[in-house]
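Open the model in your viewer and keep the selection panel at hand. Each stop below gives a selection and what to find there.

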Amino acid sequence: MQKAFGKKSVIFLFIFPAFLIYTAFVIVSIVWAGYYSFFDWSGVGEKVFVGFKNYIELLTQDDVFRSTVWHTLIYTVINVAIQVFGGLLFAILLSRIKKGRVALQTLYYIPVVISSVAICQIFTKLLSVTPTGIVNQVLSFIDPSLKLMEWISNPQISLYVTAFVEAYKYLGLYMVIFYAALIGVPDELGEAALIDGASTWQEYLYVRIPYIKPVIIANCLLVLNGSLRSFEFSYLLTHGGPGNASELMTTYMYKQAFSSMKYGYGSSVAIMIVIICMVVGMLFRKFTGGGDDE
Amino acid sequence: MRKMKKVLSLAMTAAMTASLLTGMGAVTASAKKSDDGKRTKITALLKGTESTEQYKTFDYLLKNFCDEKGLDYEIELVNDMQDYFTKLQMYINSDTLPDIFGCPNGTLSKACKDIDALVNVGDELERNGYDEKLNGAIRDFLTDADDGNMYLFPQGLYCEYFMYRKDIFEKAGIKDAPTTWEEFEEDCQKIADQGEIPVIVGGSDAWQLMRYLSFSPWRVTGSEFIEGYQAGTDSFSDNESAKYAVNLLSDLGTKGYFEPGFASVDFTSACNLFFGGSGAIFYTGSGQISLAEEMYDNGELGFFPVPDTEGMDNMSTNVPVHAGFAEGFNKATYDDTMQEFFDYMCENFTDACYNQAQVFSPFNEELPEGLPQLYYDTQPMFEDAETAWTSWDDKLDSDVMTKIVDEQQQLAQGIIKPDEFIKTCDSLVKK
């Protein structure tokens with residue numbers, strides 16, 4: 001069996017279907033988007049070749065695109081902070097309790113299996129101003145003026161609220177991954193640290209967390225990638241608004257291509273998203289050692 | 001070499017499977033015919049769900065017609081507006097439009113016309129004699145701006161008006177419904193002073209706020225302003241009625257006349273709010289009669305048309321009338337059976353409108369008995385209307401439209417001032 005897995009033909013047989021699907025749905029799409037980005041096209045009718053005009057306009061004149069890049073980066077930072085580090089914190093707390101662990105684990109995981117549309121609907125109702133949602137109702141007990149607090153329609157905070165909702169949905173997923181990694185840390189390592197006089201806090205900080213560093217890096221990369229390409233939460237919750245206050249690169253691309261019917265321009269935004277994702281991903285791998293120490 | 005051949009054969013198999021799947025998609029979209037060349041199926045692409053008017057009307061008509069003729073029918077539904085437009089565009093691009101398809105009068109109907117995919121509905125109505133029965137405003141709404149023909153069939157007749165809560169008006173000391181925007185704002189202030197929400201609006205749905213931007217230019221110029229704006233011959237800064245509308249929307253939003261958090265309330269939620277007992281005034285229309293019916297019959301609600309813009313010449317039509325989403329008939333698949341269906345549809349459309357979809361019929365026919373009282377009371381407002389509502393989303397370029405939608409929300413929320421709005425919007429079109 002082991003011998004068979006060593007054969008190049010067997011390896012090829014396993015890799016080829018995935019490669020074929022990946023090429024058909026990802027590489028071909030990117031190439032097509034790249035092709036369309038050189039045209040002025042409404043999606044209907046004739047395509048007019050414009051060369052690099054879309055890119056020049058995007059990079060030199062489009063203030064909204066620049067703001068969406070900034071928004072996406074903020075959005076990504078919030079998501080990494082909550083999903084990865086929040087998930088790690090929850091996993092540590094879970095690993096410390098004995099009773100009700102499974103129930104809590106299941107409870108935290110529920111948002112992961114609920115669809116994004118449903119999550120956005122739930123938060124729209126929870127954060128509603130008229131009629132007063134549960135959040136504002138509770139806050140109004142502290143300060144009555146908070147009853148009219150606008151969460152989704154306030155341009156100052158709508159981006160953070162959107163990022164929080166996405167982070168809330170996936171927190172449970174990373175918590176489970178971290179929990180699995182934490183219980184895989186050999187007990188003797190922790191015990192040795194405790195015998196050497198380490199506190200529980202130090203045991204986690206210097207023994208358990210460094211032990212699962214590759215998992216942390218992998219999760220960071222996953223969240224980073226997911227957040228840079230995030231679309232549905234901003235689109236469903238705020239439509240990128242008010243104005244462009246919570247507009248992300250992806251929602252902007254969608255609006256340009258499908259609302260403004262500028263397929264060519266939308267495609268150039270899509271190509272920029274690919275480039276930005278690749279650059280951020282490569283920089284992250286460079287700074288974290290690219291997983292070489294795994 | 002052998003390995004290479006294997007790889008190639010695998011790739012070809014994948015390509016064949018993909019082309020088969022694509023082919024299947026194309027068959028679904030076009031008219032299905034049996035071996036002897038006779039039609040076996042009628043296909044339709046409609047916007048909405050099984051509970052929306054367009055589906056209810058066409059499902060009823062197609063079912064009865066197909067049962068009679070021994071045909072099958074298939075209705076493809078897409079609920080989200082953007083998804084629908086994308087789907088329709090795909091069908092236009094691949095020239096595989098279904099027999100009947102929902103299509104607004106504007107960019108998309110023009111794209112269909114460019115590939116000669118639209119039956120001249122006006123000619124067909126003239127042929128079967130229903131031309132004379134068609135409401136004048138509906139004809140105006142669906143008339144093609146380029147050649148004056150009518151290529152789309154109305155979804156129904158929709159009229160829009162403001163509904164108000166009589167008890168709140170009474171409490172605020174308002175005796176008569178407002179007839180000018182100045183009175184409208186004064187009444188809003190009186191209502192707000194009573195601690196009530198003056199106006200309910202579904203601000204997250206673009207069209208709701210856009211109505212307040214469109215009212216004044218429509219009453220004063222008809223479709224002239226928006227067509228001129230798009231063509232670059234008119235602008236918000238040059239047109240007094242447009243400037244008036246910008247200030248009106250800004251006032252209503254920033255003076256707290258709209259409900260708190262209105263920018264995140266969609267139209268469905270706004271309906272639930274108003275008909276659930278919140279707010280004094282709501283811009284609604286014949287599409288929501290079923291929701292208003294009970295309160296209206298109990299004498300709790302009244303209605304009034306779009307107020308006049310004071311100091312300017314307003315046209316006499318003050319009730320926006322439109323044809324809804326409208327439907328196109330695919331010219332390439334419009335055979336004798338489809339023509340027969342067209343005639344059947346015209347004969348039974350009024351019945352389908354009132355008994356299935358609960359909307360006004362676009363044909364001037366007598367209202368059947370047993371309808372909610374609001375039908376009978378509002379019908380005189382538009383019976384003789386000859387000028388249709390001008391829908392900005394039909395007239396504006398998609399890109400300009402998208403940007404104005406973003407700007408209007410900021411204007412209503414007070415994030416930008418009227419001057420900034422005017423400056424930005426005027427820069428969106430080339431003069």
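Select the two domains of chain B: their centres, taken over C-alpha atoms, lie 29 Å apart. Domain 1 covers 41–157 + 323–364, and domain 2 covers 159–321 + 389–429; such bounds come from an automatic or database domain assignment. The model is predicted: local features need pLDDT of at least 70, side-chain atom pairs count only at pLDDT 80 or more, and totals for chains, interfaces and linings use all residues. Residues are numbered from 1 along each chain as its sequence is written, while chains are lettered from A and ligands numbered from 1 in the order in which they are written.

Domain 1 of chain B gives 11 residues and domain 2 of chain B gives 10 residues (contact: C-beta atoms, placed from the backbone, within 7 Å). On the domain 1 side, helix H6 (residues 136–142) of chain B supplies the largest share, three residues (helices are DSSP runs of H or I, at least four residues, numbered from the N terminus).

Next, select 206–221 and 240–254 in chain B. These are helices H9 and H11; their axes come within 8 Å and cross at roughly 150° (axes are lines fitted to C-alpha atoms over the stretch in contact; angles run from 0 to 180 degrees between N-to-C directions). That makes H9(B) roughly antiparallel to H11(B) (an angle over 145 degrees). Show side chains: residues of H9(B) including Leu209(B), Tyr212(B) and Phe215(B) meet residues of H11(B), among them Tyr244(B), Leu248(B) and Leu252(B).

Last stop: residues 69–284 of chain A. This stretch is 75% helix and 0% strand, with its end C-alpha atoms 17 Å apart.

Conventions: Helices (H or I, at least four residues) and strands (E, at least two) are DSSP runs, numbered from the N terminus. Angles under 35 degrees count as roughly parallel, over 145 as roughly antiparallel, 65 to 115 as roughly perpendicular and the rest as oblique. Two residues are in contact if their C-beta atoms, placed from the backbone, lie within 7 Å.
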